[in-house]
Amino acid sequence: MNTFDVVIIGGGPGGAKAAGILARGGKSVALVENTHMGGVCLNCGCIPTKLLLGATAPKGLLRGLERQRVAKGNIEVDYDALQKRIQRFVKASSQTLSKGLEQLGVTLIEGHAACVSPSEVMVTGADGTVQNLQAEHIILAGGSRSAAFPGMTPDHDAVLDSTDMLRVPAIPESLIVVGAGAIGLEMADFFNAMGSKVTIVEAAPHLAPTEDADLGQEMAKLLGKTGITCITGVKAASLTTREGAAVLVLEDGRELTAAKALVAVGRTPNTDTLGAEKAGCTLQARGFITVDEHLMAAPNVYAIGDINGQTLLAHAAEHQGAYVARRIVGAQSGPYASGPVPSCVYGSLEIMRVGLTARQALALCGPVAVSRAQLMGNAIAQAGGDASGFIKIMWQNNCIVGIAALGHGVSHLVTAAQLLLIGQYHGSALNAFMFAHPTLDEALHSALEAPQEPFAG
């Protein structure tokens, strides 16, 4: 039996980050990955998606300039060449990550890992060989996969999950997207830009259901101008492949048909074959692992990233992995604190948020005020040809509790917004914060200085 200080199950952002810090801290580390180093984000998630959206970004810019009657033309994206570029980039990035960890002394093991006890992990290789690993600490970082509901399970024919959609061999003539979270909105944006007739169906009252209603409603209006049909407030009854096409039946009786359909209704943790209970962990109803304030799931067993259900974002997993690794090497004490978690939705229209929505703040802490600025007053937004959208600041007792934005390129504001939130820059404190001119960042300044109005919910 091989013995290590730490065994990590999962080579995604959280597991890889933890492995690097632990190795630098003098710990012997085994990192077990079953599918692909770098996890879902690098291989079949956020990175491939951004490469797709990067290829169609010029189309959105040209569309905006055409509306301003200052430019015209056509941009053709070679889809096959784009797919090859993505595959090359992902493969090289995964290999670079592996080599970097190996150079630090991390032992990389391919295979399926399952806990045997709080200190033992069994790894089964692709060829059926089994090896057992002993460890003082175990870090569970197995990530998540696409969720599905009864009657809406991807069949990988016409009904697809997000991994299928990233690798679809040809652009479908039409596409139904069920779910208007980040994955659904980004995929809808790309395929719409590539010529698919796209319909988004969201059961919640508005798109981007984790955001405030005004943002989701404005998003629907702006997407409608690009040719995307948005249906909200109606649940799907079933989604199946019929005669080679995707057929969606809504609870109100409507039936929609498209060449393909994407099920983008959330994520489910990869805990069903992990054996976490044998390590002393407790699973919640949806399969997420319960952790304490130190991200500990059982004595000497930690659960980080999507698998604990706290925040299903790659950078959150990485942040948690770094905390746990520092804790194990003795460089970190105290409970885990994420700080304000930044999140973005990308595309020709983007969403950015740091901190609480107005609804969340009202529910958690009482009366909320909101100040806002329209992007149409910003020179850089105007220069890009699309100045639709806005920035809003959530306040409680004259303190910033959240910053959100909708519009072209607003994801680039996320770090500045986080610093403003952490530093509580407002009023006279803004005198110490210089905004470059002309930049999109100035819209943040405008929103901060705008009058605050009560939020009614």
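Q: Why is the radius of gyration of the protein chain said to agree with a compact globule?
A: The radius of gyration is taken over C-alpha atoms, and the globule rule is 2.2 Å times the number of residues to the power 0.38. For 457 residues the rule gives a value near 23 Å; the protein chain has 23 Å, so the two agree. Along the principal axes, the C-alpha atoms fill a box of roughly 70 × 65 × 40 Å. This is a predicted model: local features need pLDDT of at least 70, side-chain atom pairs count only at pLDDT 80 or more, and totals for chains, interfaces and linings use all residues. Residues are numbered from 1 along each chain as its sequence is written, and side-chain values use heavy atoms, without hydrogens and water.

Q: Why is His206 called buried?
A: Buried means under 20% relative accessible area, exposed means over 50%, and partly exposed lies in between (1.4 Å probe, protein chains only). His206 has 5% relative accessibility, so it counts as buried. Its place is the loop between strand S10 (197-202) and helix H7 (213-225). Helices (H or I, at least four residues) and strands (E, at least two) are DSSP runs, numbered from the N terminus.

Q: Which residues is His206 in contact with, leaving aside its neighbours within four places in sequence?
A: Contact means heavy atoms within 4.5 Å. On that basis His206 touches Glu211, Asp212, Ala213, Gly216, Gln217, Thr232 and Arg359.

Q: What share of the protein chain is buried?
A: Buried residues make up 50% of the 457 residues. The accessible surface comes to about 20,300 Å². Carbon and sulfur atoms hold 53% of that surface. These areas come from the Shrake-Rupley method with a 1.4 Å probe; for residues, only the protein chains shown count as cover.

Q: What share of the contacts with a separation of 6 or more joins residues 24 or more positions apart?
A: In the protein chain, that share is 61%.

Q: What makes S4 and S5 a pair?
A: Two strands pair if DSSP finds at least two bridges between them. Five bridges join S4 (residues 112-117) to S5 (residues 120-124), so they pair, running antiparallel. One of the bridges sets His112 against Thr124. A hairpin through two residues joins S4 to S5.

Q: How do you know that S5 also pairs with S6?
A: Five bridges join S5 to S6 (residues 130-140), again in the antiparallel sense. Val121 has Leu133 as its bridge partner in S6. Five residues lie between S5 and S6 in this hairpin, and Gly128 in the turn has a positive phi of about 90°.

Q: What makes S8 and S11 edge strands?
A: The open sheet of five strands has the order S8-S15-S9-S10-S11, with parallel pairing. S8 (159-160) and S11 (229-232) each pair on one side only. S10 and S11 pair over four bridges in the parallel sense. Thr199 has Thr229 as its partner in S11.

Q: How do you know that S21 pairs with S24?
A: Two bridges join S21 (residues 369-374) to S24 (residues 453-454), in the antiparallel sense. The cut-off is at least two, so this counts as a pair. Val370 stands opposite Glu453. S21 also pairs with S22 (residues 389-396), over six antiparallel bridges.

Q: What makes the phi of Arg69 and of Asn397 worth a note?
A: Most residues other than glycine have a negative phi, and most peptide bonds are trans. Phi of Arg69 is near 60°, a positive value. Phi of Asn397 is near 55°, also positive. Arg69, at 79% relative accessibility, counts as exposed. Asn397, at 78%, counts as exposed too.
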